[in-house]
Amino acid sequence: MEQPEYAVYGHHDSGHSYKVCLFLELARLRYQYRMIDVFAEPSSRPTEFRHVSRYGEVPVLVHDGLCISQSNAILSYLAEQTGSFGGTDRRSRAAINEWLFWEMSRLNLGVANLRFALRFETNPPSDVVSLYRRRAEDALGRLNAHLEGAKFIVGSSLTIADISCSGYLFWADQAKLDLSKYANVARWLADIRRLDRWQPPEAILTSIPAEAGARADAV
């Protein structure tokens, strides 16, 4: 059987890992997914992962001799390398980059951190939770306003801006965020769910450790 062209190191609770794998699924690309226990001591993680992960974090994409970290950097690389979901001209590509940076500094800062505090922390400080919630709700409000009358974030078709910004929102319930308050965001996520080959995080991200085997996805 032909070896997958791409390898992704990730974790089943990582929305950033989900973004990368979702791109590969939607683009119908063959890849191998390897789960890394990010809660384990760094020195106990597989040697192969420590070799390819510059920052000791997931996700990491390995392709054609390159090891790329940070989910939005990976999405940008994949869009350029494959010609999929990357915009059609200079203006759209610039807009996509703006949203990728905004996702990390605003949406992710609120939603992902709020989810982490509520899901993984024991008795997180209430003021910290409130701060994350305010940031999440502010970002959702801004995204909701942008999506008024727009099917996708940039242009009329899916781009990596949508893949990036939607990643953690499929776990909004785990962050105790009510997306019904953001009708345009809810509609946009429903449109993404209807895309051919879309799958939820739980269906894509396995919890089988890398050393126990890997999942190879074939088109």
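**Confidence, then helices**

What you see is a predicted model, and the protein averages a pLDDT (the predictor's confidence in each residue, from 0 to 100) of 93, with 93% of the residues scoring at least 70. Over residues 211-219, however, the pLDDT is below 50, although this stretch has 23 contacts (heavy atoms within 4.5 Å) in the model beyond near neighbours in sequence.

A word on conventions. Residues are numbered from 1 along each chain as its sequence is written, and side-chain values use heavy atoms, leaving out hydrogens and water. Local features need pLDDT of at least 70, side-chain atom pairs count only at pLDDT 80 or more, and totals for chains, interfaces and linings use all residues.

Buried here (under 20% relative accessible area, 1.4 Å probe, protein chains only) are Val129, Ala136, Ala139, Leu140, Leu143 and Asn144. Seen down the axis, the buried residues of helix 5 fall within an arc of 140° (taken from the directions from the helix axis to the C-beta atoms), so they line one face of the helix. They pack against helix 4 and helix 7 (183-193), whereas the face turned away carries Asp127, Arg134, Arg142 and Ala145, which are exposed, that is, over 50%.

Finally, Asn108 lies in helix 4 (residues 90-120) and is buried, with a relative accessible area of 11%. Leaving aside residues up to four places away in sequence, Asn108 touches His16, Glu103, Asn113 and Tyr168.

Conventions
Helices (H or I, at least four residues) and strands (E, at least two) are DSSP runs, numbered from the N terminus.
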